[in-house]
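The following paragraphs lead through a structure step by step. Please keep the sequence and the three-dimensional view at hand while reading.

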Amino acid sequence: MAILQTKDQEAVRKEFERLVGPVKFVVFSQELVAGELCRQNEQLMKEVAELSDKITVEVLNPAIDRERAEAYGVQDVPVTVIEGARDYGIRFLGIPAGYEFSNLIDSTIAVSRGEASLTEETKASLAALPAEVEIKVFSTPT
Amino acid sequence: MRLAQHMAIASDKVRAVAIEATEFPELSRAYQVMAVPKIVMNDRVQFEGALPEAQFLEAVVRAASGNGQS
């Protein structure tokens, strides 16, 4: 059974008309660690990817594809990397449902376009950051 | 949160990790997530709730500067 309803598919397909460059969802799954969550996450990512020919999905197992997992800094499952022309450092831990689903769609579009929707002042400040910053955002589907 | 992802696109130095709190209970406990959204930057700067872009940026700059007073 599909996770996305027909009306959601239509809405996302329309949003994806703004995609420019290719996007890859690199999905880390491990049946033995979190089977049901990983299956659902994989299915959701594949359903979203089917809504545009610019999106591809690659499924990896961190226990097998260790070097790739390490390169992406992935230790948990399910994790999805949203990659555009390069890896921008965007990760989703868990299934992006509810509010996070719209965030997934927004991230996919932004990564595809390689464009950050921020003020010029913000971009200038970010360019001058003295060190790396990892931003963790905890949320729930509702 | 949208701002985090867009900042990651704008800067090689920023990574944005969205975490579904109920699916990662140990991580949520470790970071004492009581309300969402909860934002943690470099394990130093943290706050709950959405912030406007300018204040969010201030927190990022603080995290990058190693000043954890939040």
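Which residue of S1(B) is the bridge partner of Ile90(A)? It is Ala16(B). This pair belongs to a parallel pairing in which four bridges join strand S4 (residues 87–93) of chain A to S1(B); two strands are taken to pair if DSSP finds at least two bridges between them. Helices (H or I, at least four residues) and strands (E, at least two) are DSSP runs, numbered from the N terminus.

Before going further, note that this is a predicted model, in which local features need pLDDT of at least 70 and side-chain atom pairs count only at pLDDT 80 or more, while totals for chains, interfaces and linings use all residues. Residues are numbered from 1 along each chain as its sequence is written, and chains are lettered from A and ligands numbered from 1 in the order in which they are written.

The contact between the chains takes 39 residues from chain B and 39 residues from chain A, where two residues are in contact if their C-beta atoms, placed from the backbone, lie within 7 Å. On the side of chain B that touches chain A, two or more residues come from each of helix H1 (2–10), strand S1 (14–20), strand S2 (38–41) and helix H3 (53–65) of chain B. H1(B) gives the most, with eight residues.

Chain A itself has five helices and five strands, in the order α-β-α-β-α-β-β-α-α-β from the N terminus on. Its radius of gyration, taken over C-alpha atoms, is 16 Å, close to the 14 Å that the globule rule (2.2 Å times the number of residues to the power 0.38) gives for 142 residues, so chain A is as compact as a globular protein of that length. Along its principal axes the C-alpha trace of chain A spans about 45 × 35 × 30 Å.

Of the 142 residues of chain A, 39% count as buried; a residue is buried if 20 or more other C-beta atoms, placed from the backbone, lie within 10 Å of its own. In helix H2 (residues 31–49) of chain A, the buried residues are Cys38(A), Asn41(A), Leu44(A), Met45(A) and Val48(A). What covers them includes helix H1 (6–15), strand S1 (23–28), strand S2 (55–60) and strand S3 (79–83) of chain A. H2(A) also bends by about 55 degrees at Leu37(A), the bend being the angle between axes fitted to the seven residues ending there and the seven starting there.

Note on methods
The expected span of a helix is 1.5 Å times one less than its number of residues. A residue is buried if 20 or more other C-beta atoms lie within 10 Å of its own, exposed if 12 or fewer, and partly exposed in between; C-beta atoms are placed from the backbone.
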